[in-house]
Amino acid sequence: MNITITPGLLKGAVTPPPSKSQAHRLLIAAALAEGESVLSNVALSQDISATIRCLEALGASFRREGDAIAVTGLGNRRERGGELPRLDCGESGSTLRFLIPVALALRGGGVFTGQGRLMDRPQGPYFDLFREKGIFYEQKDGALTVRGELTAGEYALPGNVSSQFFTGLLFALPLLEGPSVLRSTTPLESGDYIAMTLDALGQFGVTIPAARSQPPQYHLPGGLSFRPARLTVEADWSNAAFWYAAAFLDSRLDIRGLNFQSAQGDAIITKLYWTLARPGEADIDVSQCPDLVPPLAAMAALRGGGKVTRLVNAGRLRLKESDRLSAVTRVLTALGAQVEEGADSLTFVGADSLPGGAEVSAHNDHRIAMMAAIAATGCEAPVTVTGAECVAKSYPDFWEEYARLGGQLRREGM
């Protein structure tokens, strides 16, 4: 689907969709609990649907009740032998990395498949552990097969690749017999996502002390049981950031429904908004909030007055749904922005407006599509976004909300 946007500011009240990051974690914890849990305010984006589909393959069951999902969990029931479950992760990196250790703990492994760039995304930290622990893995023909016994003990992996590897092990290791230690061999990036995982575990009765050492170590007792719970998924700060970017670019928006005490690390957008609102150059380290780079890029490109903005420590964005450093540069440059792409950074010279008048690809990346839409509000001529349907990965109603707020859209190829 292609969407052509006639530039104009947005106006009105908007509530971001439920948090995808939190929903992944609560659904997995509910699937590991003994009995029925009910999770309210769950949006069935493509990524969340992938997690539900994979948890069903592991034996949990789900029932839709309005905007809530009732989850009948597995408890700590481990089955060995027989055919390995097949888990279709779609394009969800969270689903894949969270559930590899869980599948090993519960079913002795699984066959994981995916779409887009998913199976090309690095799994090195797991593979290194599997060689050390004697767990079989094989990646070929678009599928990853893992098979073996996940046992209690010490697990050491780098913290500068993705926090998702830590989250997967934090879910799986408490299920094992005997205590384990999970430690990072490097300074930990995206630590707020691990805090979100610990918060989710605690809400299901699995309390793991926060790490006090640097790099962090997590001490996990074995044989723990997840308790069922009734919880509501918070609004999503990662997607809210696009509406903050629109407000930064002079749209008059009332952004509602957010928890300002949230464990979601991307709530830092409120602080970064004011960092960019101040005069002078701005240097922002995005190592702890990589998903904020696209909305921050739209803000930096239209910061005005030639103000220089540098987004640094962003190398991991090359391994997302797209190479996001390249995709951000190509899209915003096509719209007329001054962007310099570095190996792990982006540098912007802010303009008061952009020429626009271009067709840009969403690069099959939901956050690039939304960035282009927000940047279009500061353009002088229409912008066409090709492949705009990719927003369904995290925000299926994004274009409907954009239009409801006054955005002028023309759709083609629906």
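Helix H5 (residues 164-172) and helix H6 (residues 191-203) have axes that come within 9 Å and cross at roughly 15°. Angles under 35 degrees count as roughly parallel, so H5 and H6 are roughly parallel to each other. The crossing in which H5 passes H6 is right-handed. The model described here is predicted.

For the largest cavity, the volume is about 390 Å³. Its lining is made up of 31 residues, and those closest to its centre are Ser 94, Arg 121, Gln 164, Asp 291 and Lys 320. By class, this lining holds 6 nonpolar, 12 polar and 13 charged residues.

Several helices take part in the lining of the largest cavity. At least two residues each come from helix H1 (20-32), helix H3 (93-107), helix H7 (237-248) and helix H11 (366-376). H3 gives the most, with 4 residues.

The largest pocket holds about 160 Å³ of space. The residues that line the largest pocket are Phe 248, Leu 249, Asp 250, Tyr 273, Ala 277, Leu 302, Arg 303, Gly 304, Ala 351, Asp 352, Thr 377 and Gly 378. They divide into 6 nonpolar, 3 polar and 3 charged.

The two linings are set out by class below.

**Backbone at two loop residues**

Most residues other than glycine have a negative phi. Asp 141 is not a glycine, yet has a positive phi of about 55°. This residue is placed in the loop between strand S8 (136-140) and strand S9 (143-147). Is Asp 141 buried or exposed? The relative accessibility of Asp 141 is 77%, so the residue counts as exposed, the cut-off for that class being over 50%.

Asn 313 also is not a glycine and has a positive phi, of about 60°. Its loop runs between strand S16 (308-312) and helix H10 (324-334). At 39% relative accessibility, Asn 313 counts as partly exposed, because that class lies between the limits of under 20% for buried and over 50% for exposed.

Note on methods: Residues are numbered from 1 along each chain as its sequence is written. This is a predicted model: local features need pLDDT of at least 70, side-chain atom pairs count only at pLDDT 80 or more; totals for chains, interfaces and linings use all residues. Side-chain values use heavy atoms; hydrogens and water are left out. On a 1 Å grid over the protein atoms alone, a cavity is a set of points where a 1.4 Å probe fits but cannot get out, and a pocket is an open set with protein on both sides within 12 Å along at least five of seven lines; lining residues have an atom within 4 Å of a point. Grid points are joined across faces, edges and corners, and a volume is the space filled by probe spheres set on the points. Ala, Val, Leu, Ile, Met, Phe, Trp, Tyr, Cys and Pro count as nonpolar, Asp, Glu, Lys and Arg as charged, and the others, Gly among them, as polar. Buried means under 20% relative accessible area, exposed over 50%, partly exposed in between (1.4 Å probe, protein chains only). Axes are lines fitted to C-alpha atoms, for helices over the stretch in contact, and angles run from 0 to 180 degrees between N-to-C directions. Angles under 35 degrees count as roughly parallel, over 145 as roughly antiparallel, 65 to 115 as roughly perpendicular and the rest as oblique. A crossing is left-handed if the near helix is turned anticlockwise from the far one by less than a right angle, and right-handed if clockwise.
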